[in-house]
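Let's take a friendly walk through this protein, one part at a time. Keep the structure open beside you as you read.

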Amino acid sequence: MFDKILIANRGEIACRVIRTARRMGIKTVAVYSEADADAVHVRMADEAVPIGPAPSAQSYLVIDRIVEACRATGAQAVHPGYGFLSENPRFCAALEAAGIAFIGPGVHAIEAMGDKIESKKLAQAAGVSTVPGHLAPIADEEEAVEVCRRIGYPVMLKASAGGGGKGMRVAGNDDEAREGFRSARNEARSAFGDDRVFAEKFIEEPRHIEIQVLADAHGNTVYLGERECSIQRRHQKVIEEAPSPFLDEATRRAMGAEACALARAVGYRSAGTVEFIVGADRSFYFLEMNTRLQVEHPVTEAVTGFDLVELMIRIAAGEGLPFRQEDVRLDGWAIEARVYAEDPLRGFLPSIGRLTRYRAPEEGPQVRVDTGVDEGGEISMHYDPMIAKLIGIGANRTGAIASIRSALDGFVIRGVNHNIPFLAALMHHPRFVEGRLTTRFIAEEFPDGFHGTAPSGEAADRVAALGAAMLHRQALRGAAHGARDWVLRAGRQNRPVTVAEDAGGWRVTLDGRSFAVQGHWRPGALLFDGTVDGARMVAQVDRRPVGLRLTHAGGEADLVLLTPRAAALAELMPVKAPPDMSRFLLSPMPGLLVSVAVAAGDPVRAGQELAVVEAMKMENILRAERDGVVGALHAKPGDSLAVDQKILEFAAA
């Protein structure tokens, strides 16, 4: 077994690998860029080595610096995590040449499966079902149109070296084929240094289900069940679960057999994932094989009891798998939600900044949190905007959903925008609860984007009762206690309420209905974890200039407690109108202005491309919302933009 390993990665996955290595008694070496000098993974490791400037192309992607860090520290093996160099065959070969073990598969398997075009040819040869498509690089936009017409719209244009949702576009017509090819190629070149793009039929109403495989160097290959990854946005996974609520045992066995056959065909060794697209009739087709640890591996660990990182390390050290296929059992259910620094109210645009408050839910049998940040840490524009992975675990799917719901309610993040309200909305969505999932779920259920939710019905009354109790407590600090008549104001709605102290809590009468609120809370505390009418309720509490904001189940409620006289006067207050910024094109995110497609004086049509902003390795095309004429440009290509910074101004009508 290794004495010391180096983790060629950062963030939550570096921390994840360090935790297992520490439990195994293996010393760890972290590497870090200038931006990550104070990162959590650097502090967790036994040693840390700086490897260059913040941009990953000058640090985490520089093979020679990783190899030199191994030599300098005496690390005998490297775990690559996911992303960066994890699927780079040149990296694997460089480590091999230096006599350093790679905790992953060999060069041949990485090369064979890392190229989406070649991997499909190999899958076909191994008897694995594949999606119809054009398995050769497309030369230009016109060939993209020709290929897409031949396959038949809709078509998926995909970067051959792609992954993580980058370099992927769905085209439904010739214009979308041209634009999709151009964007996919540009993203692929920027993210992977390989701009080859191919095309395949886009299967409608599909599910994305993947099989976890493990193989050692002694001829043993097994699969550890499946993960349902259908809840995606822009081809980026948002929610994953194990097992799938859709598969039956026969389909699971058939998919597992094909996944293992493909692994054996390339002499696979280590943990890997074979991804399939599954139709409504449970027909399945090979998509790709990821020759690394997946982001969503914790849900498999939760239902199988195996530590995949430990098994990867043991396989790389030459050990055989300690179990056989018949020993694998799926027990319980696990759901993972990816918590990102992004603004779901603004089209999920990335958000960067410092975490002024960060408090993850308490871990236990029903909750796991994998993270690489802490309070005061920075979410940088240079890397993926993931903050944490939150895993809810239960005896069944209903229990796992309940676990992750309460954990989301208690996940405190301030200083950057985040997607927890959206994740909570997904966890409460009736269609998700029923398990009726496809990769089109988000597009179908949120066709106009996510605009936030407010508590409604019974949930709204419980939140209102809780808010009234808290505001009553806050108002009467140091004063004589007793029942008080108030008016609870939410927006411009007034509701009569009476609040009285009760044993261990409050008795709230709202619109004539009585609520028992129990729990320990003091003014200034960020969380309430107690009960309302006997049902557990977790809510976040933020002070407002007047009153409180309560966040529960993804919804926000701004509440103010007033005397009846003050409430009557509040009705007379005018509502302030926000300034009109409609004549400006504003940057919706911090990022790099890649291009501006218009000049001062140009007429533009609704839907026309105006500019491209790159952030978090993704290109974002900004379009005109209506017809008009460009009045002036306020930024130029190459400029670094702040959120809401002016890019151009339209002339007055």
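Two strands pair if DSSP finds at least two bridges between them. With that in hand, please note that this is a predicted model.

## The barrel and its helix

Strand E30 (residues 548–552) and strand E31 (residues 555–562) meet that rule: they pair in the antiparallel sense over five bridges. To find the pairing on your screen, look for Leu548, which stands opposite Leu559 in E31. These two strands belong to a barrel of eight strands, closed in the order E24-E25-E26-E27-E28-E29-E30-E31, with antiparallel pairing. From one strand to the next, the twist averages 35 degrees.

A helix also packs on this sheet: H12 (residues 397–409) touches strand E28 (527–532), strand E29 (535–543) and E30. The direction of H12 makes about 25 degrees with that of E29.

## An open sheet

Elsewhere, four strands form an open sheet in the order E36-E35-E33-E38, and here too the pairing is antiparallel. Strand E36 (618–623) and strand E38 (640–641) stand at the edges with a single partner strand each, so one side of each has no neighbour in the sheet.

Within the sheet, strand E33 (residues 591–596) and strand E35 (residues 609–615) run antiparallel and are joined by four bridges. Leu593 has Val613 in E35 as its bridge partner. Helix H8 (residues 174–192) packs on the sheet and touches E35 and E36, with a direction that makes about 145 degrees with that of E36.

## An enclosed strand

Strand E12 (residues 236–242) is largely enclosed by the rest of the structure, because six of its seven residues are buried. Strand E11 (residues 221–233) pairs with E12 in the antiparallel sense over four bridges, and Glu228 has Glu241 in E12 as its bridge partner. The two strands form a hairpin with two residues between them, and Arg234 in the turn has a positive phi of about 55 degrees.

E12 also pairs with strand E15 (residues 333–340), in the antiparallel sense and over four bridges. In this pairing, Ile239 stands opposite Ala337 in E15.

## A buried asparagine

Is Asn290 buried or exposed? Asn290, found in strand E14 (residues 284–290), has a relative accessible area of 5% and is therefore buried, the cut-off being under 20%. Leaving aside neighbours within four places in sequence, Asn290 is in contact with Glu87, Tyr268, Gly272, Thr273 and Glu275.

Two packed helices are described by the angle between their axes and the distance between the axes. For helix H3 (residues 63–73) and helix H4 (residues 89–97), the axes come within 10 Å and cross at roughly 30 degrees. Angles under 35 degrees count as roughly parallel, so H3 and H4 are roughly parallel to each other. Their crossing is right-handed. Ile63, Ile66 and Val67 in H3 meet Arg90, Phe91, Ala94 and Leu95 in H4. By class, this contact has six nonpolar residues, one charged residue and no polar ones.

What angle do the axes of helix H1 (residues 11–23) and helix H11 (residues 308–316) make where they cross? They cross at roughly 65 degrees and come within 9 Å, which makes H1 roughly perpendicular to H11. H1 passes H11 in a right-handed crossing. Arg16, Val17, Thr20 and Arg23 of H1 make the contact with Leu308, Val309 and Glu310 of H11. By class, the contact of H1 with H11 has three nonpolar, one polar and three charged residues.

Methods
Residues are numbered from 1 along each chain as its sequence is written. This is a predicted model: local features need pLDDT of at least 70, side-chain atom pairs count only at pLDDT 80 or more; totals for chains, interfaces and linings use all residues. Side-chain values use heavy atoms; hydrogens and water are left out. Axes are lines fitted to C-alpha atoms, for helices over the stretch in contact, and angles run from 0 to 180 degrees between N-to-C directions. Angles under 35 degrees count as roughly parallel, over 145 as roughly antiparallel, 65 to 115 as roughly perpendicular and the rest as oblique. A crossing is left-handed if the near helix is turned anticlockwise from the far one by less than a right angle, and right-handed if clockwise. Contact means heavy atoms within 4.5 Å. Ala, Val, Leu, Ile, Met, Phe, Trp, Tyr, Cys and Pro count as nonpolar, Asp, Glu, Lys and Arg as charged, and the others, Gly among them, as polar. Buried means under 20% relative accessible area, exposed over 50%, partly exposed in between (1.4 Å probe, protein chains only).
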